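Q: Hi! Could you walk me through a structure, one piece at a time?

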Amino acid sequence: MKPVAFDYHRPETVAEAVALLADLRDDAMPLAGGMTLGPMLNLRLVRPRALIDISRLAGLRHIVQDGDKVVTGAAVIQNDALRSDVIRRQVPLLALALPWVGHFQTRNRGTLGGSVAHADPSAEIPLCLTVCGGTVVLRSRRRERRVPARRFFVDALTTLREPDEIIVALEWPRAPAQSGWGFAEIAQRHGDFAIAAAACRATLDDEGRVKDLVLGIAGVESRPVLIDTENFRGGRSTEVGKHLSDHSVAGVTPMEDHVANAEYRIALTKVLVERVFRDACADAERRRNKLQ
Amino acid sequence: MSVQTCLAGQKATIELTLNGQRRSGKAEPRLLLCDFLRHELQAFGVHVGCEHGICGACTVLVDGRAVRSCTQYAVQADGRDIVTVEGLAEAGTMNALQRAFAKHHALQCGYCTPGILCSATHFLRETPAPTEREVRDMLSGHICRCTGYASIVAAILEAADAVSRGA
Amino acid sequence: MKSASVVSAPAASRRWVGAAVPRKEDEALLTGRARFIDDLAPLPGLTFAAILRSPHAHARILGIDVRRALALPGVRGVVTGREIAEVIGPIASVVRAPFAYYPIALDRVRYVGEPVAVVVADSRYIAEDACELIDVGYEPLPAVADLASARAPGAPLLHDNTTSNVISRRTFRYGDPESAFAAADRIFEFSYSYPRYASTPMETFGVIAHFERAPDRYTVWSNFQGPFVIQPLMAGALRVPGHRLRLITPPASGGSFGIKQAVLSYIVLLAAVSRKVGLPVKWIEDRAEHLSAASAASDRLGSVAAAFRNDGKLLALKFHNVANMGAYIRPPEPASLYRMHAASNGSYAVENIAVENELVVTNTTPVGLNRGYGGPQFYFALERVMEIAARGLGIDPAELRRRNFIPADRFPYRAPAGAVFDSGDYPRALDELLRIADYEGLQRRREQARRDGRLFGIGFAAGVEPSGSNMAYVSLAQTAEERSRGERKSGANASAVLQVDPSGQVTLRICSTPNGQGHATVAAQIVADALGLDPADIDVVTDIDTLTSAWSIASGNYSNRFAAIVVDAVAKSARQVADKIRLMAAEALDATPEEIDLSDGYARVRGSNRALPFRKVAARAHWDPAGLPPGTAPGIVETAVVSPPLLGSPDVKDRVASATTFGFVVDLAAVEIDRATGILHIEKYASVHDVGTQLNPKIVEGQVHGGFAHGLGAALFEELAYDEQGNFLSGTFADYLCPTAMEVPPLDVGHIETVSPANALGAKGMGDGSSMLTPAAIANAVADALGRDDVTLPLTLQRVWALANGREYERAAPGRRATPRRTRVSGGALNGGGEIVLSAPIAEVWRRLLDPNELSAIVPGCRTLRQEGNDRYVAEVTIGVAGIRGTYGVTIDLRDRREGQSVRFVGKATGALGFGTGSGLVTLQAEPDGRTRLHYEYEAEVGGKVAAVGQRMLGSVVRFLLAQFFDALEHRIHGRRRAWWHSLRAWRTLLRG
């Protein structure tokens, strides 16, 4: 189980990296942590002519607060994000989800940007970025552009990244102080690809009614899906959970594979939605009480 | 341009620190780090179990972090500080973690053990007083087919104290 | 029953045996110094092999062109099956089948992963490159992957000269089962299928093979585990006398659990390759090879019937076992079906037993030894039907078992089918289980849970653990008449060589090829007790070299034979050395040998202070032979070879004493199931063992926990899955799911001890343990929780959810047509459909669809496309999704053409990542606005690497390709190019319904 022969390039700056990509285009693949690309290379599922190692690029490892958002460099190691105070305080959803991403040993090398670039339908980080309303920052020799996560993920393993672009950063809107968060997933074993995952942000008013609600699911369709929650605003947090879970699967067409059929994915989604909504509301209550 | 490049079929000279010693060797770009450590640098304590990043047998410490060595390439390790099971304790001795493994019968065939020891070493540095659940969570990145894990969990928990004291 | 050894070591000298002595093996393993097969380079000039394997479940090999591979720099040779067959013969088995087993395909492949050619190169990397350059022409044949289809009338046959895939059928009858069934108050029946799984040792197979001339001989280093009955079979296949196949095992082996028996095929294959290329060759199996093509426990179909009296007395059992052998019968199969046979009564005193056994070949990897070897399947039948009977009879399942256990006063117990159970007290073990598990408390929790509407269940499983197999039991696959025509076989030889060198240092050599079980430690404990030394003073060598080791037919590591038999050989060799030391010490100390005690490193005269260091006494045997007592041989090298005398040949009534010791295991599982998610939580798992004397309690504990983890994996996660066409679906550790530390629940272990009379130490073999019983215990608990008996393993999340919610579990039927307009992936099969409105009239759409120039522009990734005759296109297509790019040779045939209305495309594609076949029906319909509505339905099947590792993504890839195709078609029509993802998103609803 050995990869095909490839050229190896290790640029030291983003400019060098995108210049290489511009020249090599489809023949080259950016390599970050290699937690997904490595197995695919070894199995010879992918056969690039060249790998461009961006894992050591200067300036892709930062986690910084920038006004109303937190910017994480694409090569931020998942475990570093998990241990970051900035992430825990400002992007609590990511902090909730990261322990579910692979295992300790893969999080020690896997990057935030790598997970987003690979776009596995079950992946937690793309789901979080989508639910948080985050943005993917891409750079090529031509330009830098910012694509909202809600548009970025197109299908399984398929994103709007052009072959000559690399992801340089992810932008996470800072969490509103009163928002509560919930994340849950179900996998066959701990650390496996989720059969279904759900993430939620909820804000409640003083009477415990839903003021604001964002709900997303992953693993079910071939990309993270945001559920339209407009009709649930103003509902009592203690009452709307069941309706919300029924509503969340109404327009969903689940993937089918040897692990789970559509019916089962629907069933899990309903359970998870109810759970993350409940968790998010409880979290919101807690945060509000803390603020008062 | 400062791009380091090695073309397919050519061999780059890799210089790194292995278990505290400066070492170097030749590697074409596609040479897996685990193959390089084993067959170029004779660190046979690195074991290869799946070559697709799941079983954890090949786990080593790169710059102090426990990572798979089968899903990265030797060229990527240039300049890094690598510790394998051979470097966890002074030659001819065992450290507290290794002794706890022996005491608790936390290994049978021992094939997965070097990777688990490397993981636990990094883990305990970060989490000096772990709960059983935390240990199991960390361990879930390894497959052991012999022990059923209970003895490994016990060994790591026992070693936690000693290791965090730097014993 | 007569014990195999006469003298038991005096109790006072039992200082080390029975103690939790730390393992001798550990320090080397913990510091990275232990040496495994891939760490060895025993010869200069090693080359490296990679094996090209069949992507097809069943196909004729039309031709193999190796020229491109040979031309690759660094390639030293390529050897095909036909060339191998010039230097080897088939590998023999006990079943007289009309077909031969070779370790490589000759002119037909019969399972995915079957070797087709071997490349030898300067590195494994180059060898793998070269494999991709070998051009093999295949003509696919219909395949049968599961037992039901293989046995069906008219099923495709795997082998010429056969009329059925059922290649052996034997019936057995003990007592009077017919009358017992006729007289029964109640009869309970249970039919089941049992999945295929494997213990997947963390170290894969490895072989270093070296052929030399003058005389022609092979030397092979391999992590082979035995049984060494296979060595003569391998030598036979290699056409050399036994001593010209020298087999050497490395010092350490990374687990086996039976599986590494099957490296035998590769020993023969690589030995032949070394001969062909004239070079020493190293081959290390990779994990993908291991999962698809190493070996596995046999999957089964079966049924069992149990006849009871109303009071719960078990009167008779009737088994029908259908075992999947895979594509060939590889020795020592069909032993998996016969290992439990002589103990078909399980742990029960039931006298009337009928057994019908069928061996079936299918287009799957040949099976072999795996932890529990036949036990898990057997106990799944027996212990499930006991649970079903308990519910039917209204008797507590623990109580029902107790009423039928062989009573403690009937040991040694001669079972109806010939096994002799050495010792036991099953009711006492059950009592201990109920105590440590708090059965009453669990029953109360179950009642409470049920009142609350929750799903809580308790299940039991009990069984004997045959250990130290009689090498003759497998000949039960032959009739008594057939057996009488061959050479008689019996026994289970174990050997030990103990020597004390001129410096007085003690070295023991044994032939038990451990794979992590700590044999060296326990053997040293036994020797230390006998010689009055510390185990640390005893070096134990466990690597075997068939030219220098004292091995025999039954050497190796299987059926828990170490503690059942090998320890006896060790004890005997130690006794012989001790006797000699006593004799010499007596002479030197002016005493009688009987007065000499060996302890603390000294030979002492009992009751005096006269003593000599052990080393000094031993050294005299080397340095001063003339001074030895008369009749004493110089030096100290004592060899012991033992075979339990009980283990005779099968008799004419098909009875055989199949094993030496019979441990006992009884398990309890309590589970709670979350109806909403299918999550199964193990609330309690308890297991009580009788392993006789515990030689080293720490090691016993480790084996118990390990066996449980294997049973748990089988119960919940593990399956080597094939689809109906024989495509292999479990190609990585992301598809084949082993339990991790997060999945293995706490295990409560209890012990009782009934000393075995079968060996000097009173020990019983152990290690299979709960691997045989956990699958049944958990299934019983789940059946109890859900109130239904159709519980099939593995109990994956979806399966449990489906069972708990009365839903059909769908994965079992991959061939079924899906709802139209939806991409459905099941196994390697996909089907679906959809429609799209195109902005052109029918005539134009029709023309474009069938015009080769148009098609070459429309088909995604098409590099070349040409028309051959009226109705065939031949193309080369590069398909790449998310960087997973492969180039495929494609042929497309047009069928059922109805001009301007509909046409069926039937296609075949072959490439490095696998192959696919598919068929799509396109129907055109005019829209009122002059546009055309195109409707399509397709079915496709994907095999090879993509099916084995790419399961999750197949549906997306097909949608993606269809979107690209229709986008390109619309683009040709409309002259407008849209980014493909826009079209994909626009058509998302259409494509997915």
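A: Happy to! Two strands pair if DSSP finds at least two bridges between them, and strands (E, at least two residues) and helices (H or I, at least four residues) are DSSP runs, numbered from the N terminus. This is a predicted model, where local features need pLDDT of at least 70, side-chain atom pairs count only at pLDDT 80 or more, and totals for chains, interfaces and linings use all residues. Residues are numbered from 1 along each chain as its sequence is written, chains are lettered from A and ligands numbered from 1 in the order in which they are written, and side-chain values use heavy atoms, leaving out hydrogens and water.

Q: What about β34(C) and β35(C)?

A: They run antiparallel too, joined by 10 bridges. Their hairpin has 2 residues between the strands, and C:Thr910 stands opposite C:Phe915 in β35(C).

Q: Switching to helices: at what angle do α10(A) and α11(A) pack?

A: About 135°, with the axes of α10 (residues 241–248) and α11 (residues 262–291), both in chain A, 8 Å apart. Axes are lines fitted to C-alpha atoms, for helices over the stretch in contact, and angles run from 0 to 180 degrees between N-to-C directions.

Q: So what do we call that orientation?

A: α10(A) and α11(A) are therefore oblique to each other: angles under 35 degrees count as roughly parallel, over 145 as roughly antiparallel, 65 to 115 as roughly perpendicular and the rest as oblique.
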